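Morning, everyone. Please have a look at the model on the screen, and then I'll walk you through a few side-chain pairs.

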Amino acid sequence: LGSDMSGLVRLSGWEDGEFVTKELSSLDRWTTQMATSLTVDIDGHSIHLEQDPHSPLIGGYIWDASIVMAKYFEKIPRESITKKTFVELGSGLGLVGIALAIMGGNVVLSDLPSVTGKLRINVDKNVGPSNTARVVDLAWGDPLHDPTIKELASPPPDYIIAADCIYSEAPIADLAHTMNKIAGPATVVLVCSELRNRDAMQLFLDTADTYFTREAMPFPLDMPAEHIHFWKLQKKR
């Protein structure tokens, strides 16, 4: 699991046949994705996440941008979160949505049906029985999920968030279309993503720019991370 560091993420997993625990003070997804469990401290709360380092699913393990986005919300005024409504697209393990629920937001976390099993486990473990966080199945661009999109848009949430959802050209235009269908005129859309596929990134931006204005967001961590991009989108008027 790499060399010892401290401060950002605590990890547990197998290394050379031994079960070890390490800490990281910088973003290092090659290390975090080898862990079987990890802990991220947000706003005085320890969020514990289970993951499968051998998962064939993109949403089966942690990605750097979810840590960045969770830390962003930790730093902003609490009134920007408390009692606000959030829809998270591509929640994966659920770090950002769980952090928001713990900090007082009302959150709907969503992902593919193949991912939401582990997502529900992590939400139940960290948030518990609560009406502040719920999990729904949602596949962007699948007509079978149009009723879910309609529900999420009625009324439009205060925020739509997506962390590390830009990785392949195949679903990425549908991500932007889904954001547009759910967002209202006042909805703030926050997108944080590692640059993994330039063509996918450009396709997302080109599609999103037809619906939304876009501005770059400040990076919330005091560390180098040129591979992470962070934007705020709002519907064009």
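Start with Asp43 and Arg78: their side chains meet in a salt bridge, 2.9 Å from N to O. A salt bridge here is a side-chain nitrogen of Lys or Arg within 4 Å of a carboxyl oxygen of Asp or Glu. Asp43 sits in the loop between strand 3 (37-42) and strand 4 (45-50), and Arg78 in the loop between helix 2 (64-75) and strand 5 (85-89), so the pair ties together parts 35 residues apart in sequence. Helices (H or I, at least four residues) and strands (E, at least two) are DSSP runs, numbered from the N terminus.

A word on the source. This is a predicted model: local features need pLDDT of at least 70, side-chain atom pairs count only at pLDDT 80 or more, and totals for chains, interfaces and linings use all residues. Residues are numbered from 1 along each chain as its sequence is written, and side-chain values use heavy atoms, leaving out hydrogens and water.

Next pair. Lys125 forms a salt bridge with Glu50, with the closest N and O atoms 3.0 Å apart. Lys125 lies in helix 4 (residues 116-126) and Glu50 in strand 4, so this pair ties together parts 75 residues apart in sequence.

Third pair. Arg134 bridges to Glu151, with 2.7 Å between the closest N and O atoms. Arg134 is in strand 7 (residues 133-137) and Glu151 in helix 5 (residues 146-152), so the parts tied together are 17 residues apart in sequence.

How many salt bridges are there by this rule? The count comes to eleven.
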